[in-house]
Amino acid sequence: MNDLPIDKEEILHELDLIQDEDLKYRDGRILGSMCTEAHPFAKEVYVKFLDSNLGDPGLFRGTKSVEEKTIKIIGRLLNLDEAYGNIVTGGTEANIMAVRAARNHARKYKGIKNGEIILPKSAHFSFKKAADMMNLKIIEADLDENYKIDVNSVKNKITENTIAIVAIAGTTELGLIDPIEELSQIAHENNIYFHVDAAFGGFSIPFLKSIGYDFPEFDFKLEGVSSITVDPHKMGLAPIPAGGIIFRKKEYLEVMAVDSPYLTVKTQSTIVGTRLGASTVATYALLKYFGKSGYSKLADNLMKNTQFLRQSLEEIGYDVIVEPELNIVAFNHPEKSPDDLSEELEKINGWKVSVANCPKAIRIVLMNHVTKTHLKEFISDLKELY
Ligand SMILES: *Cc1c(COP(=O)(O)O)cnc(C)c1O
């Protein structure tokens, strides 16, 4: 550390050089990220609320009321009249809270000590962190031939130690939606906590549905659904960190509450203590700013780009792995391995794609920063590498 203060200008100059090393969403080369550039209006709001700490809501009553309103709005979007929950740092923290609620609930009301959690092989790795922290056993359910959770496999894996079943609305690798209606019924019949991880799909599916896209039910309309994760910092265009966890009942927050002696409130249910109000308020501002019609237009545009990419890939002879349900396309070259192709794409024009594991394929996430022009350039490079 320097002994004497350094001039602001000098520090900013150093930081500019450092920032030059980061890739920029607007260059359109980032093709495998589920995050994107935050909306300019959200950034404006964010800076205003940088000091508000939702960890001490008695001091920041205004900001706390915005969190409550935001949860209610997202809850209604997911067909829940009275929603409970928090805006947290992302899908990971939201999933950890859901698992913790399920674990504590099962411990309190069913006396389960060595809990098991059933989830598909396609589940996000955040559940591994949750299981590790809470000493739970992960029971992996099989996928069917369409890479969705196999309902019978889930049924067969339920035991007296099952504390939760998890399904995904928008898988991380392929953007697919599990058969949530059937699973909700199974969970309900067996009185098991059912969590839907819609971190990716949550800000798309309801809006696409409202303009006529055909999706199966995935939200609180299904009586078995206990909680849903939905990430404003993905298709919601909110600044990171912004994830959402929505619970059907207040008791799921209550079973996680610990005493918080030195604060203005008596208990706290979130994982994080001091926590940012800024991204919550930015999320709220964007919900108002776009409204249903604005978000529907955004989501529709992403789906159009997705179909454009899928068709173009097929035209030039690449194999598209599955028919996309949300804005992710996974494909392969007929001969080259995905890892080799990914390397060549980076060399030819700086493309940053990601490689899915199950199945092995190049995975493109069509986020807002990826325009039709970028896609045309990408297709032309792929043609060259064919
Ligand atoms: C992105 C994602 C997560 C993790 O969210 P973070 O915000 O990166 O913590 C969890 N589940 C699914 C399905 C996701 O797509």
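Q: In which order do the 4 strands of the open sheet lie?
A: Two strands pair if DSSP finds at least two bridges between them; strands (E, at least two residues) are DSSP runs, numbered from the N terminus. In this predicted model, the order is β10-β11-β13-β12, with antiparallel pairing. The edge strands, β10 (319-320) and β12 (354-357), each pair on one side only. Between β10 and β11 (residues 328-332) there are 2 bridges, and V320 stands opposite F331 in β11.

Q: What general rule applies to side chains in a regular strand?
A: They alternate between the two faces of the sheet.

Q: Which strands are joined to β4 by bridges, 3 in one case and 5 in the other?
A: Strand β2 (residues 116-120) runs parallel to β4 and is joined by 3 bridges, with I165 as the partner of I118. Strand β5 (residues 193-197), also parallel to β4, is joined by 5 bridges; there, I168 has D197 as its partner.

Q: Is strand β4 mostly covered or uncovered?
A: Buried means under 20% relative accessible area, exposed over 50%, and partly exposed in between (1.4 Å probe, protein chains only). Strand β4 (residues 162-168) is mostly covered, with 7 of its 7 residues buried.

Q: Is E10 buried or exposed?
A: E10, in helix α1 (residues 8-20), is exposed because its relative accessible area is 51%. Helices (H or I) are DSSP runs of at least four residues.

Q: How are the conventions set?
A: Residues are numbered from 1 along each chain as its sequence is written, and side-chain values use heavy atoms, without hydrogens and water. Local features need pLDDT of at least 70, side-chain atom pairs count only at pLDDT 80 or more, and totals for chains, interfaces and linings use all residues.
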